[in-house]
Amino acid sequence: FRNHSAAGTRHQEPWTFDEETVNIYRKSVEIRYELIPYFYDLYYEGTKNGLPLWRPLVMNYENDFNTYELNDQFMLGDEMIVAPIVKQGARNRMVYLPKGKWYNYFTKEEYQAGYNIAKADLDTIPVYVKEGAIIPKSCIKQYITEEDELILDIYPGSGKYIHYQDNGLDFNYQNGEYNLYEIAHIDNKVKISLLHQGYKLYKKIILNYLDKKIEITNYEKEYLID
């Protein structure tokens, strides 16, 4: 997450351009901060199985020949597809979505599998989340610190997700100082179970399901969300 430029070229900091560029950059940075818990989970997963954060679609959908030569969109973990617009001046592009239903990350609009046209302004990157996904997030901020609150975006469908938590600062997790949460979304019910507890728990977990918001107060209780 660094902005490099070569010697003898113009500086690349967003404020060396114009206010529009700064605002677009700020929006993207805030999305990144919002998704830090998801990134952190993917790094944890990578320590277990070696998988990268960014993956070609064929890695997840090896039996779908439409994914074999896709080189301008990618998976972010198993749950999300990112399809940046890379042609200068373009405001839309064709996006391929594998089997199942998908949801626009920003608008929650539902999409079917197959080829879809994505429209985007300069400040919007087309991002899609698969049905049944559970995406951990934090409140938007301009720094990274220990989190007392976790936000879980729950998408229609059924699924399970493992969330990892530690202090993010040292190697104490090697001595068991971490938490593992299993979030299960089945039959319109959500249950959070602790698979390992060696670190302080979140003070608050908020479930976001479409237009509903539910605050978790009991980790072993089932919550009806629909």
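Is Lys-101 buried, partly exposed or exposed? Select Lys-101 to start the tour: with a relative accessibility of 33%, this residue counts as partly exposed. Keep in mind throughout that you are looking at a predicted model.

Stop 1: Glu-110 and Lys-101 form a salt bridge, with their closest N and O atoms 3.9 Å apart. Glu-110 is partly exposed too, at 38% relative accessibility. The whole structure holds eight salt bridges.

**Stop 2: the sheet.** Now show the strands as a cartoon. Six of them make an open sheet in the order S1-S2-S3-S8-S5-S6, and the pairing is antiparallel. At its edges are S1 (54–55) and S6 (110–111), each of which pairs on one side only. Zoom in on S5 (residues 102–104), which pairs with S6 over two bridges in the antiparallel sense. Here Trp-102 has Tyr-111 of S6 as its bridge partner.

Stop 3: Follow the chain into the loop between S5 and S6 and select Lys-108. Its phi is near 65°, a positive value in a residue other than glycine. Most residues other than glycine have a negative phi. For a second example, go to Leu-210, in the loop between S14 (204–209) and S15 (212–216). Leu-210 has a phi near 55° and is exposed, with a relative accessible area of 53%.

**Stop 4: the helix across the sheet.** Select residues 36–49, which form helix H2. H2 lies across S1, S2 (74–76) and S3 (80–82), and runs at about 95° to S2. Then display Arg-55, which is buried at 1% relative accessible area. What does Arg-55 pair with at a distance of 2.8 Å between the closest N and O atoms? The partner is Asp-78, in a salt bridge; this pair links strand S1 to the loop between S2 and S3, 23 residues apart. Arg-55 also meets Glu-45 in a salt bridge (3.4 Å, N to O). Glu-45 lies in H2 and Arg-55 in S1, so this pair ties together parts that are 10 residues apart in sequence.

**Stop 5: the core.** Finish with Met-80 and Leu-152, which touch the most other members of the largest nonpolar core, a set of 35 residues. H2 supplies the largest share of this core, four residues. Around Met-80, look for its contacts, among them Leu-35, Tyr-38, Phe-74 and Ile-135. A second, separate core has 13 residues, including Ile-81, Val-95 and Trp-102.

Methods: Residues numbered from 1 in each chain as written. Predicted model: local features only at pLDDT ≥ 70, side-chain atom pairs only at ≥ 80, totals over all residues. Heavy atoms only, no water. Pairing = 2+ DSSP bridges. Contact = heavy atoms within 4.5 Å. Axes fitted to C-alpha atoms, helices over the stretch in contact; angles between N-to-C directions. Buried < 20%, exposed > 50% of the residue type's maximum accessible area, 1.4 Å probe, protein only. Core = buried A, V, L, I, M, F, W, Y, C linked by side-chain atoms within 4.5 Å. Salt bridge = Lys/Arg side-chain N within 4 Å of Asp/Glu carboxyl O. Lists of a residue's contacts leave out its neighbours within four places in sequence.
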